[in-house]
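Work through the exercises below with the structure open beside you. Try each task before you read its solution.

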Amino acid sequence: MSEPLLTGGLALLLLGTALSFLYRSKNCRTVSLGLTFLSSGLLSAFAAGMLYGGREVLIESYSFLSPLEFSFFIDRLSAGFVLLISLVTLGVSLYSIKYVEDEKSEGRKSLHVALMNLFIFSMLLVVLSANGFSFLFFWELMSISSLFLVIYEYEKPESGKAALFYFIMTSLSTVFLFSAFIGLYTRTGSFDFRGFGLLSPEALSWTFLSLFFGFAIKAGAVPFHKWLPYAHPASPSNISALMSGVMLKVAIYGLLRFLLAVEPELWWGVLVLAFGSFSALLGVVYALKENDIKRMLAYSSIENVGLILIGIGLYLIFRVSGLAGLAGLSLAAAGFHCLNHALFKSLLFMAAGSVVHETGTRNLEDLGGLVKHMPQTALLFLIGSVSIAALPPMNGFVSELMLFQAFFSSSALAGAEAPFLKVLLVLSLSAFALTSALAATLFVKVFGITFLAKPRTEGAERAREVPKLMLLGQAIPAALCILTGLFSARLFTLFGLPVGFGSGAEAEVPDMLFVGGILMVTYLLVWLSVRNFGPSSGPRVCKETWGCGGLAQHPSMEYSPAGFSEPLVVIFKKIYRTQLSSSRSFADSQDCVFEHGTAEIRLIKFFEEYLYLPVAQAVDRVSMKVAGLQNGRLDTYVLYVFLAVIALMGFTRWFA
Amino acid sequence: MITPGFTDPLFLEGAVRILFVFVLVTAALVISVRNLASLLTTYTVQSLLLTLIAGLLYLIEGSPVLLAISVLTLVSKVLLIPFFINRVEAKIKISRDMKFNYLEPTSSLLVSIGLVLLVYVFLSGFVGELALGRLFFFGAVIGLSLTLMGMLVMFSRRKVITKVLGYLTMENGVLLFGIFVTELPFIIEVLIVIDLIIIVLLTTIFAVGMDSTIEEYRQKLQRLHIWPGREYL
Amino acid sequence: MILNSDISFILFCLLNPGFVLLISPLYMSLIKKVKAAAQGRKGPRLLQSYYDLRKLLHREVVYSPTSSGIMRVTPYLNLAVLLLASLFVPVIFIPEAPAGIGNIIVFIYLLAIERFFTALSGLDAGSPFGGMGSSRAMSLAAVIEPTMVIAFAALAYVLKTVDLHEMFAITSASAIPVSPTLVLVSISLFIIIIVETGRLPVDNPATHLELTMINEAMILEQSGKNLALIELTHSVKQTLLMAVLINILVPVGLSGGFSGGLTGGLSGGSNLANLAVSGLLGSALAFLVKAGLLAVIIGLFESSLSKMRLFRLPAFYMMAFFFSALTILMEVFA
């Protein structure tokens, strides 16, 4: 390998993994995470260089059986995702140094660090893979290492359920990918990704469907999203940050790798757009109802994956319709939103991890008033919230702006299908607008309830600011959120994307640096001109909040998180599907004297109860039947072999 | 740029298009408004819009039948029918229709958007917009959508008065469709209008003419299986 | 080297926000006056809003001990954001703005910043009223968002640009509305003004009753000059939204090509400069009158309706969405 930065980065990462596997001491863990930090630095430098230079590198590495070989390939797309992974791990590794020390046993702490490094390493190599074999190999390594991290707190019953969900869904995803790659091999004789271009249109469509479902499961698109809200809260927060911020994007990478290599068809774009719109809208609608802070963030990840899929769907539609400029804009929006979501979601998961760490609860009903005790964490969480709520001039806004712009310019569509495509885009646009506004509502709720007003419980009262190193780990993505937002247009130009401002750009994006600059200036002007008004002397007046005549204000009077989302729950009651059930018992035989009773309003977990459970039960029934075939007697198995041979003979004679 | 001028066909067509959207909005209001008086006003406005559309088309096309339709609509649907229904409403002393079957107003509006699209798809496969010209094709789409929305009103609302208004909306849709596609013979339009007036007259007579008390009116209608039952009154 | 376009833009940056800031409170009192007249009362003086603002600016600010920096920053930030937003909506003349100033999506999201931080400051003091206001305001704003975006998308569809400045340049270049769709979009825009500025039937700006209030509940804990800033922000927002509607529907008087003549006048003879200045005054006066008329219409509209129940509002918004969606379907199909 002739890329010292890349080789060095990967080697450091492996060294870190080995170190914490072998030695179980605090120093080793710190050194190991330090190595992760260093390697992330090297890799981000490498990836940025690759993006800037636009070079392509092919590394044929090791082959042990003829078609099964590891080979790696780096172009702009994979360089972009390497950059994404390493920027997130830059912050997460620093954050983890203090965070992992919370666990009791030394062995588990070291295992945590080792698995985390292995997880990062495998994600990097998935992105770098040049053929189906190495892709699947590292994909499985990524799934398994993250599975262990999900059941890391295996004593808790919820971890078991989360791991089961995660395991089944991720295996299902692999099955789809596997069938696609096997199909590729049987048709072209090689696992190489370049073979996608050689497939016949029909084979290509099947490959697309299979890959799309495989990646959609891993990325958590509705209705395959159910593992996300289980797995993310169960795993430690630094791992949630990696899984939500990075692993979902690896699935997106896989989808993009395929789509960019082939000639797409129109219905692909329609399918992806529809999935994206549903995921985005349902993700945020479910998130609004959620009171568990980490589960809420997990649902919000589903929403953001939906937005990315909307971008990809638009790209496909515009590309097939021959509008290269708009296609480029949509693709850039999808890619940029991948990076942005990785940054602000890892920031939010880390900040939420700090909150959970300090207060010991994930329930929003028990939080409140943390801005007094954890001011820096509050500021960092606010930066994350403002970015994810897509307020200018932050990065989250820029990617949504690009999507909006692509939607708004869709009047350029022409051709026979144009009216229907336009109507589809209008419907999708309204779902997108609703999603975006609901996301802002969601983060007003989360930030306001968690950090503002008075603490609702003692746990929240006792919270203290987390160590400096953990804050620094969050400060990196926070700073990147602001900087990538402000310099977005310049970055696009720098990295040679056909999007930006000024001449040479196929699609214009407003310059956020300018907007942000004017905002700063107007803020200063307003402040300077109003500062001197009012009574100049005397201390600032502080009076209790008006309590409608009550004297002291009690935290229980504050608006609760459930109350905050109540209007939207009522408006979207069709989506939430609540169920009311009651039971009563009476003391006498005439049912006159009421003894006791229960009543509950329950949220129907629609997808779980109507999609997952029936499928699971069906599988269960089939496997019971299959299990009946196994009676443990040798004679029976010989009978099976006999029957199989007869069937095979018959098949080859008449069908093959 | 378009030159200003009120007889310019482009301007007139623009005006017709604006009226189309208003027609659909009145239909949407018929679906969702709960106050019976406003409901009647909405229907009157809808008929007035049809009058205007027919009038504008007369200015574009110059066919006297259109003018006749315009005048007929004005007399029958803007003046006569609302007058009779107003009498009924004054007598039956209910001012609001709050109950909905199958579809809540919010979802029926979404369904209506779907209906417009469906009708567009259906007609474009059936007629083809080139044969008619874009404005006329769109008029047909609006007419058929209006008919379907009227039908939607008839099954989604509970009160007879509202159902009658739904039926009238439906007929307005037929009229619109007729104006833009089939060049319905004028005599048929006249017959339909007479039919409508008779229906409305019958309703009026049931309500106020033969029996002055509302109780007996309800019993009569119950015997005819039109009135849903006492709990809805 | 400073180009002519730069001069025009700098002048615009000073004139436009200043003018908007100056005239905004007028329309608040004008609407109150119209409503009072409709109810048979005399109503406040036309300049009453200015007096109120002056009074509030000289009062002390009282903070709750529960509140945090959010409460302190929000009033300043919101006014700054709205002043920035005023660069997106030219009311006197259209400058040659750099890329990004005038983008309609940025404009929508600048309004979202104001809403986001107002809602947070509503939660900040821990008062149940504030929380209620924030919850309702954010929920309703979310539900109206599709209508708003679809209406603006319809504008972008018809005028083939996403830039408000270019849109106004196109509409002011022709005497009657460029397309029938624009007339329809204007009606959507009117509904958006009503919703976004918290007017009847959505919210009642005149009461402090917990059943009805949304916006007033959020700012209940604000006082003194902070309250003055918030009130000013609110009026600027109203003026800007009104200006969008006015410049789309009746752009008469908005100087499109004036920037060239203006800068030419500044560098050249005083005659030209005089002409330019009088032209600008004419445009400003035209806007003042048009906005006044619109304010009277808004006042009459408010007087003719009663407050809707909170959960009846989604149906109203659905109606607005139906309307906007039809508008865009119309543009696509017909």
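This is a predicted model: local features need pLDDT of at least 70, side-chain atom pairs count only at pLDDT 80 or more; totals for chains, interfaces and linings use all residues.

**Exercise 1.** Find how many residues chain A and chain C each bring to their contact, and which elements of chain A take part.

*Solution.* Step 1: chain A gives 64 residues to the contact and chain C gives 69. Step 2: on chain A, at least two residues each come from helix H15 (395-408), helix H16 (418-451), helix H20 (512-531), strand E5 (541-542) and helix H21 (561-571). Step 3: H16(A) has the largest share of this side, with 15 residues. Step 4: sorted by type, the residues on the chain A side are 45 nonpolar, 11 polar and 8 charged.

**Exercise 2.** State whether E5(A) and strand E1 (residues 62-63) of chain C pair in the parallel or antiparallel sense.

*Solution.* Step 1: the two strands are joined by 2 bridges, and the sense is parallel. Step 2: A:Val541 has C:Val62 in E1(C) as its bridge partner.

**Exercise 3.** Decide which residues of H20(A) are buried and how they are arranged around the helix.

*Solution.* Step 1: the buried residues are A:Met512, A:Val515, A:Leu519, A:Thr522 and A:Val526. Step 2: viewed down the axis of H20(A), these residues lie within an arc of 90°, so they line one face of the helix. Step 3: an α-helix has 3.6 residues a turn, so residues three or four places apart point the same way. Step 4: the face turned away from the buried side of H20(A) carries the exposed residues A:Leu524, A:Leu528 and A:Arg531. Step 5: the cover over the buried residues of H20(A) includes H15, helix H18 (468-486) and helix H19 (488-494) of chain A, together with helix H3 (69-86) and helix H4 (104-124) of chain C.

Technical notes
Residues are numbered from 1 along each chain as its sequence is written. Chains are lettered from A and ligands numbered from 1 in the order in which they are written. Two residues are in contact if their C-beta atoms, placed from the backbone, lie within 7 Å. Helices (H or I, at least four residues) and strands (E, at least two) are DSSP runs, numbered from the N terminus. Ala, Val, Leu, Ile, Met, Phe, Trp, Tyr, Cys and Pro count as nonpolar, Asp, Glu, Lys and Arg as charged, and the others, Gly among them, as polar. Two strands pair if DSSP finds at least two bridges between them. A residue is buried if 20 or more other C-beta atoms lie within 10 Å of its own, exposed if 12 or fewer, and partly exposed in between; C-beta atoms are placed from the backbone. The arc is that of the directions from the helix axis to the C-beta atoms.
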